Amino acid sequence: MKKKLFDLQIFADGGGDGSDAGNAGGGNGSQQNAGGASGRATYSYEQAEQIADARADRATKAALSDYFKRQGMSEEEVTAALADFKAKRAASQPNISAVEKERDEALALVTEMKNTDYLRDKGVKPDDLDYVLFKVSKQVNDKTDFKKAADAFLKENPRYTGQGYKVVSTGKPDGGSGASQTANDSINASIRSAFGR
């Protein structure tokens, strides 16, 4: 049986002539020794991500370059095709900050709608909804959510729910304030006696 020999350097780090593979092997050894006396490698997430991205970019570039050359392109055409590929790939990437901004605005709108519905359910008059929503939102913090803040505000300000203040009748004509009525009677009696009535 005949043995087949392969040049494994071609497959290291995305192919090519193998020059990157030798450097990559040396690079890993220096990373391991960078830890100092303990022998442990120290690295940050950002460093690891940069290394991974650089190798992925080299692999992509090597694969595309090889493909374009097989299609019969010259070096200049390959370079132009790679630049075109990078530009199209960058254009197809979503704008993450714009997407996050849209998401945050939509969540804020949904939250405002839920809060408005909660205030309506509590009986807040339509004319007062914006004002009460504004006042209650100022009282929301890490310890107090909207519902607790709304309940507290409406308890202190029942006029916004259309209930107004409750008047409790004691059944007495003076409203139950017997002491003040007695004081008034004595003052009136003193005045009458002073004028001789």
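Predicted model: local features only at pLDDT ≥ 70, side-chain atom pairs only at ≥ 80, totals over all residues.

Thr 116 has a relative accessibility of 15%, and because the limit for a buried residue is under 20%, Thr 116 counts as buried. Thr 116 belongs to helix 4. A polar atom of the Thr 116 side chain lies 2.8 Å from the backbone oxygen of Glu 112. Leaving aside residues up to four places away in sequence, Thr 116 touches Leu 129 and Leu 133.

Those two leucines take us to the next helix. Which residues of helix 4 meet helix 5? They are Glu 112, Asn 115, Thr 116, Leu 119 and Arg 120, and on the side of helix 5 they meet Leu 129, Val 132 and Leu 133.

As to geometry, helix 4, residues 96-121, and helix 5, residues 129-139, pack at an angle of about 115°, and their axes are 10 Å apart. The two helices are therefore roughly perpendicular to each other, and helix 4 passes helix 5 in a right-handed crossing.

Helix 5 also packs with helix 6, residues 146-156, at an angle of about 120°, with the axes 9 Å apart. Helix 5 and helix 6 are therefore oblique to each other, and their crossing is right-handed. From helix 5, Val 132, Leu 133, Lys 135, Val 136, Ser 137 and Gln 139 take part, meeting Phe 146, Ala 149, Ala 150, Phe 153 and Leu 154 of helix 6. The residues of this contact divide into 8 nonpolar, 2 polar and 1 charged.

Technical notes
Residues numbered from 1 in each chain as written. Heavy atoms only, no water. Axes fitted to C-alpha atoms, helices over the stretch in contact; angles between N-to-C directions. Helix = DSSP H or I, 4+ residues; strand = E, 2+ residues; numbered from the N terminus. Parallel < 35°, antiparallel > 145°, perpendicular 65-115°, else oblique. Left-handed = near helix turned anticlockwise from the far one by under 90°. Contact = heavy atoms within 4.5 Å. Buried < 20%, exposed > 50% of the residue type's maximum accessible area, 1.4 Å probe, protein only. Polar contact = N/O pair within 3.5 Å; in protein donor to acceptor, adjacent residues only side chain to side chain. Nonpolar A, V, L, I, M, F, W, Y, C, P; charged D, E, K, R; others polar.
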